[in-house]
Amino acid sequence: MSFADPLNVKFLTILFLLAAAPLAHARPFDLHRDTFSFSNDTVLKYGVDEAGQLHIAKRDKPVEFGHRCFVLARGVMQFNKFARFAPHEPKLTRDEYRTRMLRLFRIPVWGNPEREKIMFPGFADLHDFSVAYEGLLKENLGNWVPSYLRVGNWRMMMGHLRAGQAAADAWLEDSVMRGELRAMFLTRFPHMNHVVIVFTMHRQPNGRMRFEVYDPNYPGEPSWIEYVPEERSFEFQKRWYFAGGRVNVLRVFISPFH
């Protein structure tokens with residue numbers, strides 16, 4: 001009996017389909033479904049005028065949930081890697097959801113994604129869950145202070161070699177091709193320091209690579225950073241807190257030192 005035998009061919013086909021079955025149920029990251037319904041707010045008031053100049057002023061009223069772009073980016077990645085939603089299962093109590101949140105938020109983002117997922121029953125996705133439990137999430141996602149004391153933050157004040165930015169682009173492209181989410185620290189010290197999550201990419205007609213990102217300051221709305229190969233640099237689109245233009249891109253949440 002050879003591999004060309006019809007019975008063997010059928011058997012091998014079944015094995016292939018069984019092995020591929022889990023992948024058929026996996027879905028790509030969805031900017032609306034897989035992110036929080038609420039935003040991070042800046043402590044100061046930002047605005048970009050018609051001339052493209054950034055202006056910063058004191059707010060009339062303090063923000064309720066600010067300084068937390070790192071916190072929200074980390075939470076989105078933890079839910080994506082280590083949690084699953086079961087919409088047809090019975091809902092839990094508020095305290096039970098809180099217990100599961102705290103278990104989830106203790107897992108480092110760079111942890112093993114093959115570990116058993118923490119289930120959040122009664123909801124279809126993170127967006128729906130965060131609509132129902134916005135207050136609970138804000139209370140338990142974490143304080144903003146540790147994000148200002150992170151070991152890797154010192155890098156924003158150093159010079160950034162163009163070769164390093166080219167390497168970051170290659171790493172991002174490879175990660176997106178493999179379906180991995182990546183958090184990137186965008187810095188233009190001292191004027192702008194922010195974290196976004198890259199989830200897909202598109203080659204532009206001019207040869208630049210545009211990475212679509214989740215921006216914690218713009219819930220549910222796509223944003224982008226773009227790699228400019230001829231300059232070996234990145235550009236970030238105009239935002240209400242940034243006039244647009246060149247930024248330095250740094251990798252974060254890949255180890256305790258980043």
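User: Which residue in S10 stands opposite Ala183?

Analyst: This is a predicted model, in which local features need a pLDDT of at least 70 and side-chain atom pairs count only at pLDDT 80 or more, while totals for chains, interfaces and linings use all residues. Residues are numbered from 1 along each chain as its sequence is written, and side-chain values use heavy atoms, with hydrogens and water left out. S5 and S10 pair in the antiparallel sense over five bridges, strands counting as paired if DSSP finds at least two bridges between them. In S10, the residue opposite Ala183 is Val252.

User: How many helices and how many strands does the protein have?

Analyst: Both kinds of element are DSSP runs numbered from the N terminus: helices are H or I runs of at least four residues, and strands are E runs of at least two. On that basis the secondary structure comes to seven helices and ten strands.

User: Which strands make up the closed barrel?

Analyst: The barrel is closed and has six strands, with antiparallel pairing. From one strand to the next the twist averages 45°, where axes are lines fitted to C-alpha atoms (for helices over the stretch in contact) and angles between N-to-C directions run from 0 to 180 degrees. In order, the strands run S5-S6-S7-S8-S9-S10.

User: Which strands does helix H2 touch as it packs on the sheet?

Analyst: Contact here means heavy atoms within 4.5 Å. Helix H2, residues 69-82, makes an angle of about 35° with the direction of S6. The strands touched by H2 are S5 (182-188), S6 (192-203), S7 (209-214) and S10 (245-252).

User: How many of the residues of H2 are buried?

Analyst: A residue is buried under 20% relative accessible area, exposed over 50% and partly exposed in between, using a 1.4 Å probe and protein chains only. The buried residues of H2 include Phe70, Leu72, Val76 and Phe82. H2 is mostly covered, and of its 14 residues the number buried is twelve.

User: At what angle to S10 does helix H7 run?

Analyst: Helix H7 consists of residues 162-177. H7 lies across S5, S6, S7, S8, S9 and S10. The angle of H7 to S10 is about 65°.

User: Which residue in S9 is the bridge partner of Glu226?

Analyst: Strand S8 (residues 223-228) and strand S9 (residues 233-236) run antiparallel and are joined by four bridges. In S9, the partner of Glu226 is Glu235.

User: Is Glu235 buried or partly exposed?

Analyst: Glu235 also meets Arg208 in a salt bridge, at 3.7 Å from N to O. This pair links distant parts of the chain, 27 residues apart, with Arg208 in the loop between S6 and S7 and Glu235 in strand S9. Arg208 counts as buried at 18% relative accessibility, whereas Glu235, with a relative accessible area of 25%, is partly exposed.

User: Which residues are linked in a network of salt bridges?

Analyst: The whole structure contains 13 salt bridges. One network of such bridges links Arg208, Arg210, Glu226, Glu230 and Glu235.

User: What is the N to O distance between the side chains of Arg246 and Glu231?

Analyst: Arg246 is partly exposed at 33% relative accessibility, and Glu231 is partly exposed at 38%. Their side chains meet in a salt bridge with an N to O distance of 3.0 Å.

User: Is the β-α-β unit of S3, helix H3 and S4 left-handed or right-handed?

Analyst: Strand S3 (residues 83-86) and strand S4 (residues 118-121) pair in the parallel sense over four bridges, and Ala86 stands opposite Pro121 in S4. A crossover is right-handed if, with the strands pointing away from the viewer, the path from the first strand over the helix to the second runs clockwise. With helix H3 (residues 94-105), the unit is left-handed.

Technical notes: A salt bridge is a side-chain nitrogen of Lys or Arg within 4 Å of a carboxyl oxygen of Asp or Glu.
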